[in-house]
Structures are given as structure tokens and as C-alpha cells.
Amino acid sequence: MHRNLRDQILTGLDWGFRLLLAGVFLYAAWPKMLDPGAFAKAITNYRFSLPLIGQDYVYAAAILMPPLEAVCAICLFMSRLRRGAALLLSVMLVIFIVMIVQAVLRGFNIDCGCFGASATASALASKVGWQKVLENTGFLVAAVFVYLRACPPKPKYKL
């Protein structure tokens with residue numbers, strides 16, 4: 001493949017993935033920021049306890065995670081912050097995947113809580129399941145792609 005064409009395709013994919021991730025995470029963050037109590041209830045439905053603190057992390061996560069999602073989504077378009085934003089989104093997506101997989105394996109029939117608890121968000125939200133795992137895995141692949149594209153190029157040594 002011609003190098004110029006390859007670069008154009010990769011740049012197009014990079015922009016496409018950044019737009020996709022930013023759109024999804026901004027849309028998901030907004031209703032959760034407006035109603036952190038409902039988001040905390042959605043997190044509690046996963047019945048996931050951390051060692052030593054149990055479910056004491058739920059309210060902190062409900063308050064901190066939506067603004068972090070929004071900031072990361074915006075930072076995807078800032079050249080100096082893109083790499084860190086993509087890394088944070090990747091970490092959040094891994095956490096989401098782990099939470100969903102444990103809920104599926106335990107047989108919970110709960111809403112994912114991805115888009116808050118408003119009427120519109122409830123219409124868009126879906127139950128946790130393998131489809132949700134695949135969806136988040138796709139977003140994770142996109143975030144890792146953006147991260148890798150934002151890494152500085154390796155130096156080329158010529159002898």
C-alpha cells in the first residue's frame with residue numbers, strides 16, 4: 001500500500017474513533033452528572049465489592065466518574081492531552097467490561113446504567129449481557145488505537 005494512502009487511512013480512523021469515543025462518553029456523562037444518586041444506584045445494582053472497602057466506593061465513583069468521562073472526551077481533541085485521555089478511557093472501559101462480565105456470570109438482569117436514569121437514557125440503555133461486553137470491547141479497541149496513534153514515533157537509527 002502506498003505510504004501516503006496508508007497514513008491518510010490511519011489518520012481518518014484516528015479522527016473517526018476520537019469522534020465516536022467523544023460523542024459516546026459526552027452523551028453518557030451528561031445525564032449521570034445531573035443525577036449522581038441514580039447513577040450510584042445503577043453502580044450498586046452490580047453488587048461488586050472491593051476488598052477492604054466493600055461498596056463504599058459507589059458514591060465517590062458516581063460523583064467522580066461522569067466528569068472524568070466528559071473531560072477525557074474533550075481532551076481527545078487536544079494534541080498534548082490526547083494520549084492521557086485515551087489511556088484513561090481505556091482503563092475505564094476495562095473496568096466497565098469487568099463489571100459487566102461479573103454481572104453476566106452471576107446472572108444479574110440489570111440495566112447497564114451507561115447513560116444515567118432519565119427517560120431518554122433509559123430508552124437507550126440496555127441490559128447487561130455479552131452484547132454490551134462486545135460493544136465496550138469495540139470502544140476499548142478504538143481507545144487503544146487512539147492511544148497508540150498519539151504515542152511519539154520511535155527514533156529511527158541509521159548506521
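Visitor: What makes the volume of the second largest pocket about 320 Å³?

Guide: A volume is the space filled by probe spheres set on the grid points, which are joined across faces, edges and corners. For the second largest pocket, that space comes to about 320 Å³. The model is predicted: local features need pLDDT of at least 70, side-chain atom pairs need 80 or more, and totals for chains, interfaces and linings use all residues. Side-chain values use heavy atoms, without hydrogens or water, and residues are numbered from 1 along each chain as its sequence is written.

Visitor: Why is this called a pocket?

Guide: Because it is an open set of points on a 1 Å grid over the protein atoms alone, where a 1.4 Å probe fits, with protein on both sides within 12 Å along at least five of seven lines.

Visitor: What makes Arg-3 a lining residue of the second largest pocket?

Guide: A lining residue has an atom within 4 Å of a point, so Arg-3 has one. Asp-7, Leu-148 and Lys-156 are also among the lining residues.

Visitor: Which helix gives the largest share of that lining?

Guide: H1, with four residues. H1 and H6 each supply at least two. Helices are DSSP runs (H or I, at least four residues), numbered from the N terminus.

Visitor: How do you know how many residues of that lining are charged?

Guide: Asp, Glu, Lys and Arg count as charged. The lining has six of these, with five nonpolar and no polar residues.

Visitor: What is the volume of the largest pocket?

Guide: About 490 Å³. Of its 28 lining residues, Phe-39, Met-65, Ile-95, Phe-96 and Met-99 are the closest to the centre. H4 gives the most, six residues.
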